Protein chains: 2
Amino acid sequence: MPETTPSNDTTSAAARPLGTLAGLRFTKGHGTRNDFVLIFDEHGDVDVTAEMARELCDRRGGIGGDGLIRAVRAGNLDAGADFAPDTWFMDYWNADGSTSEMCGNGARVFAAYVEREADEDLRSGLTIGTRGGPRTLTGLDNGHYAVGMGTWALGEAPEGFDAEVTVQGLAHPHPALSVDVGNPHHVVALPSLEALEALDLSNAPVVEPVPPHGSNVEFVVTRGGSLVDGVPRGRVRMRVHERGSGETQSCGTGACAVALAVREWAGEAAPTVWDVEVPGGLVTVRIVGDQTVLEGPAALIADGVISG
Amino acid sequence: MPETTPSNDTTSAAARPLGTLAGLRFTKGHGTRNDFVLIFDEHGDVDVTAEMARELCDRRGGIGGDGLIRAVRAGNLDAGADFAPDTWFMDYWNADGSTSEMCGNGARVFAAYVEREADEDLRSGLTIGTRGGPRTLTGLDNGHYAVGMGTWALGEAPEGFDAEVTVQGLAHPHPALSVDVGNPHHVVALPSLEALEALDLSNAPVVEPVPPHGSNVEFVVTRGGSLVDGVPRGRVRMRVHERGSGETQSCGTGACAVALAVREWAGEAAPTVWDVEVPGGLVTVRIVGDQTVLEGPAALIADGVISG
């Protein structure tokens with residue numbers, strides 16, 4: 001859609017496309033196809049603004065990404081005031097210029113980034129600052145990263161469900177369980193991969209009763225389980241409609257919500273480790289008491305500099 | 001949509017995300033938001049493959065772009081056999097791994113790229129090779145670039161129309177004129193910007209009679225005209241549905257087709273220079289006898305290297 005009226009002004013955006021950003025160094029990375037522009041700014045020299053986040057995340061006029069992540073020591077920004085000054089802080093900006101508390105897939109990419117750029121040893125865990133509080137990042141033997149995702153709570157649902165979801169592609173409303181993992185989710189179980197693929201998530205599913213602040217909605221199909229190193233391990237496939245973003249290729253908190261809901265439905269003997277197939281790849285969720293841990297890959301794709 | 005079944009294989013795509021491309025240097029650029037990954041490969045050292053084009057143009061797992069453009073001397077690839085060996089050749093690959101003859105917006109970005117990388121002087125015109133034949137690129141005083149787009153032909157249409165187009169958002173079929181500018185187009189005139197904005201181009205418009213190889217379809221609204229340096233100059237706004245790509249932000253041949261159709265409808269006294277507002281910006285089309293020339297901006301956004 002044409003959103004603006006182009007003018008005849010030719011005083012050349014061409015010559016300095018991203019204007020004041022010329023010379024800025026960046027890295028492009030993704031975690032299960034949730035992708036980011038990363039800036040390493042240990043001393044807080046870069047004045048990140050909403051406009052800068054929008055320009056860099058623009059997929060055609062900029063570099064492109066779901067978000068902008070700056071690695072900065074906590075002492076160098078106001079949002080880091082609750083942390084020791086030398087704590088690494090994940091300064092997360094959405095593509096629309098707003099900030100977010102946390103992003104599970106982004107935190108894995110952040111882990112790979114500070115490991116490489118700052119030579120941090122993540123094998124025994126590194127606690128970072130985020131706007132959502134401290135999080136622990138751990139490098140795993142298989143090259144993946146684990147992110148502590150904080151505490152969770154299920155809805156009051158003695159029968160396993162406390163809501164109903166209506167969505168295009170399903171003939172009638174389906175029961176859902178509400179899950180809070182720092183942000184709100186509703187999880188719906190489907191009987192088959194065919195039913196999962198038949199969903200049309202181009203419009204937001206409708207949740208009843210209506211959540212006061214909206215909700216992310218996950219649809220999940222169980223795919224059996226196995227023993228890995230003697231530990232029972234479940235496997236599911238999911239699709240997700242993210243509040244404000246539409247259908248996405250991967251949602252870290254959504255994967256955690258799905259694991260928690262499926263374990264709740266399966267009862268006490270169910271696994272606490274779940275492999276979760278998302279459209280963008282595979283992540284693993286470990287339920288550890290009142291916390292979840294999200295494991296998965298992180299890829300640093302390219303390093304570059306904005307043209308002058 | 002989940003298209004593949006992720007496996008449990010964790011032998012780390014994370015460590016070498018774009019595998020064999022590690023170390024490859026690239027530039028990201030765009031022309032009126034038609035965007036490209038560019039590779040400077042004067043001596044033909046890079047073995048470009050369909051898979052490489054797909055990986056680099058992947059907007060989440062790669063760099064992201066509508067296409068991959070390699071700048072190479074014609075003597076270093078088979079497709080350049082018709083040109084003197086030291087002619088610069090625009091080796092154009094679509095994001096899906098296929099090749100294309102030409103791309104008007106891409107040619108402007110190519111012009112900016114060889115000007116910067118090879119220090120070519122474009123002020124008096126540089127003739128390059130493409131799979132569609134030779135094209136002349138010229139650097140303009142305002143920092144924009146002009147691209148010779150080759151010859152054109154209108155459909156046999158004594159009354160100005162030789163087809164009908166049906167599209168979502170218009171109540172009934174509208175008359176259209178077929179225009180060939182190396183590829184097939186149909187142009188439909190609309191009465192107002194409101195009508196243009198009300199179109200739903202998420203599905204392909206239907207053209208009758210059915211074009212044998214499909215067609216790109218443009219919708220255009222006239223916006224008056226002016227005298228610029230004593231030369232009459234028309235102005236239009238358009239939207240386009242590109243065959244095989246859906247609605248796009250800019251289409252160079254589409255802008256040429258629109259200028260040709262609007263001039264045909266306006267009669268002999270109509271301007272031969274047209275400013276064409278596309279969703280991604282503004283381009284200018286000059287009709288010069290049996291040829292068209294496309295002028296517009298080109299931006300080189302960033303330079304980078306694929307991670308190892």
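Mentor: Happy to! Let's begin with a term: a residue is buried when its relative accessible area is under 20%, exposed when over 50%, and partly exposed in between (1.4 Å probe, protein chains only). This is a predicted model, in which local features need pLDDT of at least 70, side-chain atom pairs count only at pLDDT 80 or more, and totals for chains, interfaces and linings use all residues. Residues are numbered from 1 along each chain as its sequence is written, chains are lettered from A and ligands numbered from 1 in the order in which they are written, and side-chain values use heavy atoms, with hydrogens and water left out.

The strand to look at is S14 of chain A, residues 231-242, where 10 of the 12 residues are buried. Strands here are DSSP runs of E with at least two residues, helices are runs of H or I with at least four, and both are numbered from the N terminus. Two strands pair if DSSP finds at least two bridges between them.

S14(A) has several partners. With S13(A), residues 216-228, the pairing is antiparallel and runs over 10 bridges; there, Val240(A) of S14(A) faces Glu218(A). With S16(A), residues 273-278, the sense is parallel, over 5 bridges, and Trp274(A) of S16(A) is the bridge partner of Gly234(A). A further partner is S15(A), residues 246-247, which pairs with S14(A) in the antiparallel sense over 2 bridges. In that pairing, Glu242(A) is bridged to Gly246(A).

Now for the turns. S13(A) and S14(A) form a hairpin with 2 residues between the strands, and Asp229(A) in this hairpin has a positive phi near 55 degrees. Most residues other than glycine have a negative phi, and most peptide bonds are trans. Asp229(A) is therefore worth a look on your screen: its phi is positive although it is not a glycine, and at 80% relative accessibility it is exposed. The hairpin of S14(A) and S15(A) has 3 residues between its strands, and here the positive phi, about 85 degrees, belongs to Gly244(A).

The peptide bond between Glu208(A) and Pro209(A) is cis, with omega about -5 degrees, and Pro209(A) sits in the loop between S12(A), residues 206-208, and S13(A). Chain B has a cis bond from Glu208(B) to Pro209(B), with omega near -5 degrees.

Further along chain A comes helix H4(A), residues 252-266. Its 15 residues reach 21 Å from the first C-alpha to the last, close to the 21 Å expected at 1.5 Å a residue; that expectation is 1.5 Å times one less than the number of residues. Since 11 of the 15 are buried, the rest of the structure largely encloses H4(A). The buried ones run from Gly252(A) to Val262(A), including Cys256(A), Val258(A) and Leu260(A). Directly after the helix, Gly267(A) has a positive phi of about 90 degrees.

A salt bridge means a side-chain nitrogen of Lys or Arg within 4 Å of a carboxyl oxygen of Asp or Glu. Arg237(B) forms one with Glu197(B), the closest N and O atoms being 3.8 Å apart. Arg237(B) lies in S14(B) and Glu197(B) in helix H3(B), residues 193-198, so the pair ties together parts 40 residues apart in sequence. Arg237(B) is buried, with a relative accessible area of 4%, while Glu197(B) is partly exposed at 33%. Arg239(B) and Glu247(B) also form a salt bridge, at 2.8 Å from N to O; Arg239(B) is buried at 2% and Glu247(B) partly exposed at 29%.

Finally, let's step back to chain A as a whole. An automatic or database assignment sets the domain bounds: domain 1 covers 13-145 + 299-305, and domain 2 covers 153-289. Their C-alpha centres lie 28 Å apart. Between them they bury about 480 Å², 49% of it on carbon and sulfur atoms, where buried area is the accessible area (1.4 Å probe) that two parts lose on being put together, summed over both. On the domain 1 side, Thr32(A), Arg33(A) and Asn105(A) lose the most, together 79% of what that side buries.
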